[in-house]
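Please read the following briefing alongside the sequence and the coordinates.

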Amino acid sequence: MKVLVFICFAVFYTNATNISPETLGKIIQKSKEIVKPCLERTGATEDDSVDFMAGKVPTTKEGKCMIGCFFKEAGLEYDNGQLKDKNGFLDVIKTEDPDFYAAKMKISQECHSEIPESDDECEYNTKLFECNVNKSKAANIPFSLLSR
Ligand SMILES: *[C@@H]1O[C@H](CO)[C@@H](O)[C@H](O)[C@H]1NC(C)=O
């Protein structure tokens, strides 16, 4: 079973990372494009997507299902326990701030082993996401991609 990975990009605005504003802008733009078909598919609203990118855990079914869709569209998945970034979505983060990238990878791995798998993919992905948000906060690692 493929399991989505929650690197959850993170970042920015605060410039607490070494990632340049240009790159940041590109990631945000790309994320907005990626999430578009997910809104149509799940019925989630644009507000849901902004909240999600800001690190707020969705409470509605639509918002919860959007999370899994997003990571799938972004090409971020676990495949047989092996982390895959199929589209190179995170390459720029890896290049510009390897420490930040490594910290995010570690958190994602931890959450993957801590959160029990569930048949309800939307609930499962939401739990993983929440775990990532919690651990990022605890480690003082920036989380949100956008802020409003
Ligand atoms: C995240 O933190 C909140 C608030 O402390 C807690 O209620 C929730 O259970 C935590 N979730 C996970 C998945 O760790």
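This is a predicted model: local features need pLDDT of at least 70, side-chain atom pairs count only at pLDDT 80 or more; totals for chains, interfaces and linings use all residues.

Residues are numbered from 1 along each chain as its sequence is written. The protein has 6 helices and 3 strands, where helices (H or I, at least four residues) and strands (E, at least two) are DSSP runs numbered from the N terminus.

**Overall make-up**

- Read from the N terminus, the order of elements in the protein is β-α-α-α-β-β-α-α-α.
- Of the 148 residues of the protein, 40% count as buried; a residue is buried if 20 or more other C-beta atoms lie within 10 Å of its own, exposed if 12 or fewer, and partly exposed in between, with C-beta atoms placed from the backbone.
- Among contacts between residues at least 6 apart in sequence, 66% join residues at least 24 apart, a contact being two residues whose C-beta atoms, placed from the backbone, lie within 7 Å.

**Helix 3**

- Helix 3 (residues 61–74) has 14 residues and reaches 20 Å from its first C-alpha to its last, close to the 20 Å expected at 1.5 Å a residue; the expected span is 1.5 Å times one less than the number of residues.
- Because 10 of its 14 residues are buried, helix 3 is largely enclosed by the rest of the structure.
- The buried residues of helix 3 are Gly63, Lys64, Cys65, Met66, Ile67, Gly68, Cys69, Phe70, Phe71 and Ala74.
- After helix 3 comes Gly75, whose phi is positive, near 85 degrees.

**Packing of helix 3 with helix 6**

- Helix 3 and helix 6 (residues 121–138) pack at an angle of about 75 degrees, with their axes 8 Å apart; axes are lines fitted to C-alpha atoms, for helices over the stretch in contact, and angles run from 0 to 180 degrees between N-to-C directions.
- The two helices, helix 3 and helix 6, are therefore roughly perpendicular to each other, given that angles under 35 degrees count as roughly parallel, over 145 as roughly antiparallel, 65 to 115 as roughly perpendicular and the rest as oblique.
- Lys61, Lys64, Cys65, Ile67 and Gly68 of helix 3 make the contact with Glu121, Cys122, Glu123, Asn125, Thr126 and Phe129 of helix 6.
- By class, the residues of this contact of helix 3 with helix 6 divide into 4 nonpolar, 3 polar and 4 charged, where Ala, Val, Leu, Ile, Met, Phe, Trp, Tyr, Cys and Pro count as nonpolar, Asp, Glu, Lys and Arg as charged, and the others, Gly among them, as polar.

**Ligand surroundings**

- Lys127, Glu130, Cys131 and Asn134 are the residues around the ligand, a residue being near a molecule if its C-beta atom, placed from the backbone, lies within 6 Å of it.
- The shell around the ligand has 1 nonpolar, 1 polar and 2 charged residues.

**Two aspartates of helix 2**

- Asp51 lies in helix 2 (residues 46–53) and counts as buried, with 20 C-beta neighbours inside 10 Å.
- Leaving aside residues up to four places away in sequence, Asp51 touches Lys56 and Pro58.
- Asp51 and Gly63, 12 residues apart in sequence, are 9.2 Å apart in space, C-alpha to C-alpha.
- Asp47 also has its place in helix 2, but counts as exposed, with 10 C-beta neighbours inside 10 Å.
- Asp47 and Gly63 are 16 residues apart in sequence and 9.4 Å apart in space, C-alpha to C-alpha.

- Val92, in helix 4 (residues 91–96), counts as partly exposed with 18 C-beta neighbours inside 10 Å.
- Val92 touches Thr23 and Ile27, not counting residues up to four places away in sequence, and the C-alpha atoms of Val92 and Leu24, 68 residues apart along the chain, are separated by 9.3 Å.
- Glu110, in helix 5 (residues 98–114), counts as partly exposed with 13 C-beta neighbours inside 10 Å.

**After helix 6**

- Asn140 is found in the segment after helix 6 and counts as exposed, with 8 C-beta neighbours inside 10 Å.
- Phi of Asn140 is near 60 degrees, a positive value in a residue other than glycine.
- Most residues other than glycine have a negative phi.
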